[in-house]
Amino acid sequence: MSLNDSPRASRLHIAVFGRRNAGKSSLINALARQEVSVVSPVQGTTTDPVYKSMELLPLGAVVLIDTAGLDDEGELGEQRKKKTMEVLYKTDLALLVINALEGFTAYDEKIADLLKERNIPVIGILNKTDLLPDRGIGRDAQAQADLCREQFGFRFMPVSAAVQEGISPLRQALSTALPASDDKFRIIGDLLSPGDLVVLVTPIDKAAPKGRLILPQQQTIRDILESDAIAIVTKEHELKLTLESLGRKPRMVVTDSQVFLKAAADTPPDVPLTSFSILFARQKGDLEELVRGARAIDRLRDGDKVLIAEPCTHHTQPDDIGSVKLPRWIRQATGRRLEFHHANGMTFPEDVQDYALIVHCGGCMINRRQMLWRMEQAAASRVPIVNYGVAIAHVQGILERAISPFLLARLAWEEESAAASGVIMEG
């Protein structure tokens with residue numbers, strides 16, 4: 001992947017929902033201007049969700065997701081519906097497609113309610129209007145779209161994916177349906193000024209494809225360059241020499257969490273230090289809540305179950321961070337006999353209440369909405385959740401320094417520490 005490519009997790013996720021044979025796949029193909037999904041008159045052609053990364057003007061980089069019909073039947077149909085429902089947790093913008101010849105049903109109302117519950121922006125699509133008596137260009141199609149709007153409470157657009165009617169206005173509507181982007185969720189750029197030096201400590205990761213940096217490192221470099229700042233990349237054993245060679249003090253040092261202690265020892269105390277994983281905890285999730293979760297490590301007891309969650313499915317190395325290093329570091333820090341479970345890939349356990357703690361990776365392979373949903377699942381089950389970088393910094397005794405660039409995270413940690421010691425903070 002080049003630095004100019006947009007990883008899937010960084011793209012807007014636009015998911016298409018609806019009943020079987022509503023024309024979801026045809027709509028996806030019309031928007032994409034290419035054959036992305038299989039189109040067939042046979043109901044239920046789409047099984048697992050189909051993902052297509054592409055450029056969609058005027059939005060830019062997006063992922064279009066074609067889902068199975070929500071009225072699918074049988075045991076296999078239930079599995080397909082489950083996969084479709086999982087898409088909800090990563091959807092930034094939803095398209096609800098209704099067959100103009102059949103109108104809306106309870107299935108459509110169910111998915112609409114779910115989208116509203118999750119505060120997902122929705123555009124309704126009244127598809128197949130070319131098959132209506134007036135061929136979809138008169139009052140009948142618009143009247144039916146207006147009726148749907150009254151029923152569901154959001155905009156419906158008459159469209160015929162088959163003959164490309166209404167597709168251009170739909171593309172324009174997509175760009176206005178999303179809230180304006182917020183620089184709050186940049187990786188590091190909002191912390192920098194033009195000309196700042198940022199030193200990145202990047203051990204050569206054995207799990208990375210040969211000749212490449214891992215994705216969080218690539219994305220951080222890109223964000224630094226887009227901020228008109230200067231990225232200096234070095235390995236952990238060359239960090240001290242790198243800092244001594246600079247003509248001025250860097251704005252920040254960002255390290256791989258696995259070499260936190262080495263980086264902390266070699267970075268002067270007056271230079272802010274954090275990790276790639278903590279930067280991603282802030283961009284993808286809720287850093288303050290993840291910092292609070294670190295205190296739960298101190299409360300672990302013998303026999304407790306800890307879930308290690310990684311959405312990616314990289315090849316496991318002998319010294320793998322999730323399966324080897326983190327369990328070892330947490331056991332050493334707590335002195336407890338703990339039971340570690342692992343959730344790898346895009347599926348997150350539905351039932352997490354049996355765990356005393358969830359330790360989640362930086363989340364570079366999922367989008368912000370999906371990460372926040374995972375945190376919501378933990379909160380609903382009253383299970384504390386912490387990020388890899390935050391957890392590592394805590395067990396190695398440098399968490400306060402690692403979150404020093406982030407005021408709200410520092411305050412959250414101070415409040416959590418005060419509560420743990422029984423002190424009531426004023427103000």
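In what sense, parallel or antiparallel, do strand β13 and β14 pair, and over how many bridges? In this predicted model, strand β13, made of residues 357-360, pairs with β14 in the parallel sense, and three bridges join the two. Within that pairing, I358 is the residue that stands opposite I385 of β14.

These two strands belong to an open sheet of four, whose order is β12-β11-β13-β14 and whose pairing is parallel. The edges are taken by β12 (339-344) and β14 (385-387), and each of them has a single partner strand, so one side of each is left without a neighbour in the sheet. From one strand to the next, the twist averages 25 degrees.

Helices accompany this sheet. Helix α12, which covers residues 368-380, packs on the sheet and touches β11 (305-310), β13 and β14, while its direction makes about 170 degrees with that of β13. Helix α13, residues 388-395, lies across β11, β13 and β14 as well, but runs at about 85 degrees to β14.

The largest nonpolar core holds 77 residues, among which I188 and V359 touch the most other members. Helix α10 (residues 287-298) supplies the largest share of this core, namely six residues. In soluble globular proteins, nonpolar side chains tend to be buried together. For V359, once its neighbours within four places in sequence are left aside, the contacts are V306, L307, I308, A309, L326, I330, V386, Y388 and A391.

Q164, in the loop between β6 (156-158) and α5 (167-177), has a positive phi of about 65 degrees although it is not a glycine, and with a relative accessible area of 45% Q164 is partly exposed. D228, likewise not a glycine, has a positive phi of about 60 degrees; D228 is found in the loop between α6 (215-226) and β8 (230-234), and at 55% relative accessibility it counts as exposed.

Finally, there is the question of confidence. The chain averages a pLDDT of 85, and 84% of the residues score at least 70. Over residues 42-46, however, the pLDDT is below 50, although this stretch has 11 contacts in the model beyond near neighbours in sequence. Residues 423-427 also stay under 50, with four contacts beyond four places in sequence. Where pLDDT is low, the predicted coordinates should not be read in detail.

Key:
Residues are numbered from 1 along each chain as its sequence is written. This is a predicted model: local features need pLDDT of at least 70, side-chain atom pairs count only at pLDDT 80 or more; totals for chains, interfaces and linings use all residues. Side-chain values use heavy atoms; hydrogens and water are left out. A nonpolar core is a set of buried Ala, Val, Leu, Ile, Met, Phe, Trp, Tyr and Cys residues joined through side-chain atoms within 4.5 Å. Buried means under 20% relative accessible area, exposed over 50%, partly exposed in between (1.4 Å probe, protein chains only). Contact means heavy atoms within 4.5 Å. Two strands pair if DSSP finds at least two bridges between them. Axes are lines fitted to C-alpha atoms, for helices over the stretch in contact, and angles run from 0 to 180 degrees between N-to-C directions. pLDDT is the predictor's confidence in each residue, from 0 to 100.
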